[in-house]
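Please read them beside the model.

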Amino acid sequence: MVILVTNDDGIHAAGIKALGAALASIAKVVVVAPEKERSAIGHGITMHKPLRATEMPMDGPIARCLAINGTPADCVKLALDALLDEPAAVVVSGINRGENLGTDVLYSGTVSGAIEGCINGLPSLAVSLAGDDEQDFDFAFAADFTVKIVREILKRGLPKGTLLNINVPSLPQEEIKGVAVTRLGQRRYINTVSSRKDPRGRAYYWLAGEKEELDAGPDTDIGAIRRGYISITPLQLDLTNHAFRKGLQDYFPALWPIQGKKQK
């Protein structure tokens, strides 16, 4: 049985090393991850240059380790279609250095690694350690918690088209209050563009931004992390707004052919 591990922080990140070593206690672990950091890459895939897989020294109990010159989605796609010697049973992406909460999941390369596994019909999860960039990150507890989750997933599976997004507070274990099953909160980033000029007077820009939390209720992932709980959010591939779909033809009545009938 193979567990495929990827991330967006890169093959050398401390989070993926801790995760791979912990998961190796329950199954054969193959790590396939970007050769360098690809944070906030979303679900980008590489189509206009060749992808290359480089065998890396095996770290501890990990069975195989490969670095890819691409994105997290590339890594999972390439691993499942070309690199693995036997089928994967589950895809685990992480452990990300920093949170992936609310609408962050739309930008996150970590979450996209799990999404690619889900697209390919495998139970998949993304794991992030929520903390400030200035602090030291200890991935040990998050890695051990992930092992518990993966054990259950291997027994029970996940619903088709569903993946888990897990955020663990970067707190001492005794300060974590428990586990909350949550929904996505809502946040956006404001003041995102910093405009500067180079020595020749040409403009260039840095994207950054400050978080503005629009929905951080107690049942959201954002709210759970802020209260010291581990957040587990089930995500689904189907982004359709089914409630609005039912009334969409009435919403735009002028769009339908005069002689035609409404679709049923």
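1. Two strands count as paired if DSSP finds at least two bridges between them; strands (E, at least two residues) and helices (H or I, at least four) are DSSP runs numbered from the N terminus. On that basis β2 (residues 28-34) and β4 (residues 64-68) run parallel and are joined by 5 bridges. V30 has R64 in β4 as its bridge partner.

2. The model is predicted: local features need pLDDT of at least 70, side-chain atom pairs count only at pLDDT 80 or more, and totals for chains, interfaces and linings use all residues. Residues are numbered from 1 along each chain as its sequence is written, and side-chain values use heavy atoms, with hydrogens and water left out.

3. The 9 strands form an open sheet with mixed pairing, in the order β3-β4-β2-β1-β5-β6-β7-β13-β8. β3 (53-55) and β8 (178-181) are at the edges with a single partner strand each, so one side of each lacks a neighbour in the sheet.

4. Helix α1 (residues 14-23) lies across β1 (2-6), β2 and β5 (88-97), contact meaning heavy atoms within 4.5 Å. α1 runs at about 145 degrees to β5; axes are lines fitted to C-alpha atoms, for helices over the stretch in contact, and angles run from 0 to 180 degrees between N-to-C directions.

5. The axes of α1 and α4 come within 9 Å and cross at roughly 45 degrees. In the contact, A18, L19, A22 and L23 of α1 meet A143, D144, T146, V147 and V150 of α4.
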